[in-house]
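Reader: Could you walk me through reading polar and charged features in a protein model? I would like the general idea each time, then the case at hand.

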Amino acid sequence: MAWELEPMNELLLHFSDYNGARATMNFWLENTETDPGAGGAAAIAAGAQGMSDDALTSVEILRHATWDEEVTPTDGPYARPSNKMNITFRATDGTKTTMQVPGPNETILAADHISIDLADAAVIAFVDYTIENILSSEGAALTGVQRGVRRIPPRLKKQ
Amino acid sequence: MAGTTRVTVEILFLYTLHGKFTFFVSSDVVSPTDPIILGYITVLEAITRGKAIHIEISLSQATISSATSGATYISEDKAFMRFRDEFGVGHNYKVPGPKTTVFLTNHEDVDTSLAAVIAFNAAVNTYAKGRGGNDITTFIKGYRKENRKMLKGGRAT
């Protein structure tokens with residue numbers, strides 16, 4: 001059992017016309033192509049831009065890996081993706097980054113079943129790993145947890 | 001390249017519903033099986049009831065360019081470019097907002113002698129593949145295709 005890298009990478013070219021209407025082209029490339037600004041991605045992007053009056057706004061390469069074996073999710077009171085644990089981190093640039101964990105395990109909740117239990121070993125491991133390795137969308141390092149709250153699925157709010 | 005790599009992990013839950021978890025890592029990470037990503041999935045699976053089944057990473061680069069103001073053809077208009085792979089399977093690519101010069105004087109068929117068209121076809125034939133890895137080998141034909149939405153019921157309101 002292992003993660004299998006898909007044989008091809010997906011290349012997306014994002015265009016916008018002078019009215020702001022967007023369009024996307026889709027190609028497949030060898031999975032060794034990892035730089036959107038070089039190699040086949042750049043050549044195809046330049047070729048498409050040469051034919052178009054639209055502006056090429058960005059070049060994106062998507063790479064995929066798939067787990068090669070059947071998995072066994074477990075049951076619990078919040079074992080659905082509509083249940084979320086929103087864990088908010090502070091970043092070094094002063095912004096906030098919220099990690100939205102779907103289907104949280106109930107063992108990470110405090111006694112109120114709403115707040116996250118920051119003393120739980122699994123939560124400590126998740127928080128420590130996040131701070132050490134994960135960035136905000138702007139690339140800022142994360143410095144600490146601000147709060148963690150279980151979000152109730154919207155359709156259940158008026159029960 | 002962007003300063004970060006966006007990672008989206010698809011998670012399977014017991015009742016066959018899929019959830020997604022998205023995060024950002026350094027742009028040095030260019031493989032979905034990078035140890036940083038797999039390590040994060042391990043600690044993530046310890047706090048959720050689901051199991052990760054798919055990883056997608058996005059490597060993106062913004063480009064600086066401007067659309068031609070008042071151009072005849074816009075994003076809804078396409079130069080429909082048809083190719084064939086090494087096994088004879090067809091692959092179509094739709095170039096949005098084609099330049100008027102790309103077409104012959106009938107305004108319909110792509111001018112295959114134009115340098116820009118030759119460059120595009122060469123790039124596709126050299127680098128593009130089918131999803132399973134088939135080589136795209138041959139340009140077949142190109143023509144203009146309108147993709148504009150019809151007016152509802154043809155009524156002027």
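This is a predicted model: local features need pLDDT of at least 70, side-chain atom pairs count only at pLDDT 80 or more; totals for chains, interfaces and linings use all residues.

Reader: Is A:Asn9 buried or exposed?

Author: Buried means under 20% relative accessible area. A:Asn9 has a relative accessible area of 1%, so it is buried.

Reader: What does the side chain of A:Asn9 reach?

Author: The side chain of A:Asn9 reaches the backbone oxygen of A:Asn31 at 3.3 Å. There is also a polar contact, at 3.3 Å, with the side chain of A:Arg63.

Reader: How many salt bridges does the structure hold?

Author: A salt bridge needs a side-chain nitrogen of Lys or Arg within 4 Å of a carboxyl oxygen of Asp or Glu. Over all chains there are eight. In one of them, B:Arg6 pairs with A:Glu60, with the closest N and O atoms 3.5 Å apart. This pair crosses between chains, from strand β1 (residues 4-12) of chain B to strand β4 of chain A. B:Arg6 is partly exposed at 31% relative accessibility, whereas A:Glu60 is buried at 9%.

Reader: Which residues are joined into one network by salt bridges that share partners?

Author: Take B:Lys129 and B:Asp135, whose side chains meet in a salt bridge (2.3 Å, N to O). Shared partners join A:Glu30, B:Lys129 and B:Asp135 into one network.

Reader: And which residues form the negative surface patch?

Author: That patch is formed by A:Glu4, A:Asp68, A:Glu69 and A:Glu70. A:Asp68 lies in the loop between β4 (55-67) and β5 (84-91) of chain A, and counts as partly exposed at 41% relative accessibility.

Key:
Residues are numbered from 1 along each chain as its sequence is written. Chains are lettered from A and ligands numbered from 1 in the order in which they are written. Side-chain values use heavy atoms; hydrogens and water are left out. Patches are made of residues with over 30% relative accessible area and no salt bridge: like charges are joined within 9 Å, nonpolar side chains (Val, Leu, Ile, Met, Phe, Trp, Tyr) within 5 Å. Accessible areas come from the Shrake-Rupley method with a 1.4 Å probe; for residues, only the protein chains shown count as cover. Lys and Arg count as positive and Asp and Glu as negative; His and the chain ends are not counted. The place of a charge is taken as NZ of Lys, CZ of Arg, CG of Asp or CD of Glu. Helices (H or I, at least four residues) and strands (E, at least two) are DSSP runs, numbered from the N terminus. Buried means under 20% relative accessible area, exposed over 50%, partly exposed in between (1.4 Å probe, protein chains only). A polar contact is a pair of N or O atoms within 3.5 Å; within protein, one must be able to donate a hydrogen and the other to accept it, and residues adjacent in sequence count only if both atoms are side-chain atoms.
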